Structures are given as C-alpha cells and as structure tokens.
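Keep the sequence at hand as you read.

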Amino acid sequence: MEGVVISEKGLLECGRKCTPSPFLLKTYMLVEDPATDDVISWNEEGTAFVVWQPAEFARDLLPTLFKHSNFSSFVRQLNTYGFRKVATNRWEFCNEKFKKGERELLSEIRRRRAWSNNKQHQIIQNQDSDEDQRSSSTSSSSGYINLVDENKRLKKENAVLNSELTSMKWKCKELVDLVSIYNQKKEEEEANENDKRPMLFGVRLDVQQGDRRMKRNRAEIGENASILLSQSCK
C-alpha cells in the first residue's frame with residue numbers, strides 16, 4: 001500500500017515536471033502569434049524574442065493573458081525563469097530552452113528558487129529597480145510621442161476644417177448676393193409691366209405732366225383772346 005502511494009506521488013511529480021508553467025506557455029503564445037509581430041516577436045535567428053513596443057505590449061497584450069499591465073513585473077517573471085536581456089538598445093530576452101519551433105523544451109525551464117544570500121538579494125533588487133526605471137522611461141517617452149503625434153494630427157484636421165469653413169462662408173455670401181440681385185431685377189420687371197407710360201430710347205415719358213402743361217397753355221391763350229376782343233369792342 002505504501003509503495004502504491006509513493007508511485008502516485010512520483011507520477012504527480014513527473015506530471016508537474018513535464019508540464020510547462022502557465023507563464024511560459026502564455027509568453028510563448030504571444031511570441032508565436034503573427035498578429036502581434038509588430039509588438040513582440042522572435043529575433044531573426046529564433047533564439048530569443050524581442051518586445052519592440054513595450055508601452056503597447058503593457059497596455060494591449062499583458063492584460064489579455066496576465067491580468068495586469070505592468071511591464072516591469074513581466075520582466076521580473078522572466079528573470080525568475082532564467083531569461084537574460086541580451087541587447088542594450090532593445091528589450092530582447094533569451095533562454096536556451098525558449099526557442100522558435102521547439103515548444104517541447106518549455107517543460108525543461110525551471111523557476112529559480114529564492115536566494116538565501118542577502119548580497120544576491122540586493123543585486124536582484126538593484127536590477128529590478130533599473131528595469132523599472134527603464135520601463136517607466138520607455139513608457140513615458142512612448143506616451144509623450146503618441147501625444148505629440150495626436151496633437152499634430154488634430155492641428156492638421158483643424159486647419160482643413162477652418163479652410164472648408166471659410167470656403168463655405170464665401171459661397172454662402174455669393175448665394176445671398178445672387179438672390180438679392182434676382183429679387184431686385186424681378187421687382188424692376190414687375191414695375192415696368194405695371195407702368196403704361198410710353199418709352200423713348202428706353203426712358204419712360206411723363207405723359208400726364210405734358211397734358212397738364214398743354215391744358216394750361218390753352219387756358220392762357222383763351223384768356224388773352226377774350227381780353228383782346230373786349231378791348232377792340234370798346
């Protein structure tokens with residue numbers, strides 16, 4: 001009975017050793033996914049992976065699998081599994097058991113045990129602090145660049161909108177002027193249609209005023225004639 005118990009424990013221990021940790025599996029999935037190659041991917045040799053855009057990686061990818069958005073915590077997890085940062089100008093991490101196309105090697109990666117030496121603890125803390133500072137600096141720089149780009153884009157859109165608004169104002173003014181000219185011409189045409197006076201060289205003649213003048217002249221002639229007749233009779 002005791003031998004059976006020992007055998008079951010051995011099987012469980014073997015199962016744990018043969019199964020990669022969830023952290024390694026999730027990281028491998030992210031690196032392998034071609035849809036995220038612009039953020040995280042293998043290097044050219046397939047012997048290490050590179051986080052090309054740490055800010056986007058922390059913001060968009062980490063929460064989907066690791067339920068946090070702390071890039072520094074992700075780097076610390078890599079360190080506990082023996083990964084090393086192998087480049088100074090980019091976030092490239094290497095582990096001899098973490099290679100492209102060799103997923104079966106993941107089960108051979110072991111998590112490091114806690115260090116008992118205080119000096120070694122201090123070294124790790126200093127490394128983590130440096131990683132935090134670099135990660136924070138990278139994230140801040142990336143966020144500032146994104147804000148600058150967004151500000152430039154908004155300025156360009158605003159300039160285009162102002163130009164379109166100015167053009168629409170001129171077109172609206174021209175339309176109002178055309179309507180005003182049309183109404184004025186229409187009023188003049190209606191006035192000409194209602195005016196029955198004759199025209200001479202495009203100018204209306206004041207016939208009524210001429211008639212009144214002729215009548216006045218006739219009356220004066222009649223009065224003068226009457227005076228002359230009365231004087232001659234005397």
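**Helix contacts and charge pairs**

Arg-153 is partly exposed, at a relative accessible area of 36%. The model is predicted. Its partner in a salt bridge is Glu-157, with N and O 2.5 Å apart. Glu-157 is also partly exposed, with a relative accessible area of 38%. Both residues sit in helix 5, 4 residues apart, so about one helical turn separates them. Glu-150 belongs here too: salt bridges that share partners join Glu-150, Arg-153 and Glu-157 into one network.

Side chains of opposite charge can pair when their charged atoms come close. A search of the whole structure finds 6 salt bridges. Another of them joins Lys-97 to Glu-108, at 2.9 Å from N to O. How accessible is Lys-97? Its relative accessibility is 26%, so Lys-97 counts as partly exposed. Glu-108 is partly exposed as well, with a relative accessible area of 43%.

Asp-60 and Arg-59 form a further salt bridge. Their closest N and O atoms are 3.0 Å apart. Is Arg-59 buried or exposed? Arg-59 has 52% relative accessibility; exposed means over 50%, so Arg-59 counts as exposed. Asp-60 has a relative accessible area of 40% and is therefore partly exposed.

Now turn to the helix pair. Two packed helices are described by the angle between their axes and the distance between the axes. Here the pair is helix 2 (residues 22–32) and helix 3 (residues 54–66). Their axes come within 11 Å. They cross at roughly 135°. Helix 2 passes helix 3 in a right-handed crossing.

Which residues make the contact? Helix 2 brings Phe-23, Lys-26, Thr-27 and Leu-30. Helix 3 brings Phe-57, Leu-61, Leu-65 and Phe-66. By class, the contact has 6 nonpolar residues, 1 polar and 1 charged.

Technical notes
Residues are numbered from 1 along each chain as its sequence is written. This is a predicted model: local features need pLDDT of at least 70, side-chain atom pairs count only at pLDDT 80 or more; totals for chains, interfaces and linings use all residues. Side-chain values use heavy atoms; hydrogens and water are left out. Axes are lines fitted to C-alpha atoms, for helices over the stretch in contact, and angles run from 0 to 180 degrees between N-to-C directions. Helices (H or I, at least four residues) and strands (E, at least two) are DSSP runs, numbered from the N terminus. A crossing is left-handed if the near helix is turned anticlockwise from the far one by less than a right angle, and right-handed if clockwise. Contact means heavy atoms within 4.5 Å. Ala, Val, Leu, Ile, Met, Phe, Trp, Tyr, Cys and Pro count as nonpolar, Asp, Glu, Lys and Arg as charged, and the others, Gly among them, as polar. A salt bridge is a side-chain nitrogen of Lys or Arg within 4 Å of a carboxyl oxygen of Asp or Glu. Buried means under 20% relative accessible area, exposed over 50%, partly exposed in between (1.4 Å probe, protein chains only).
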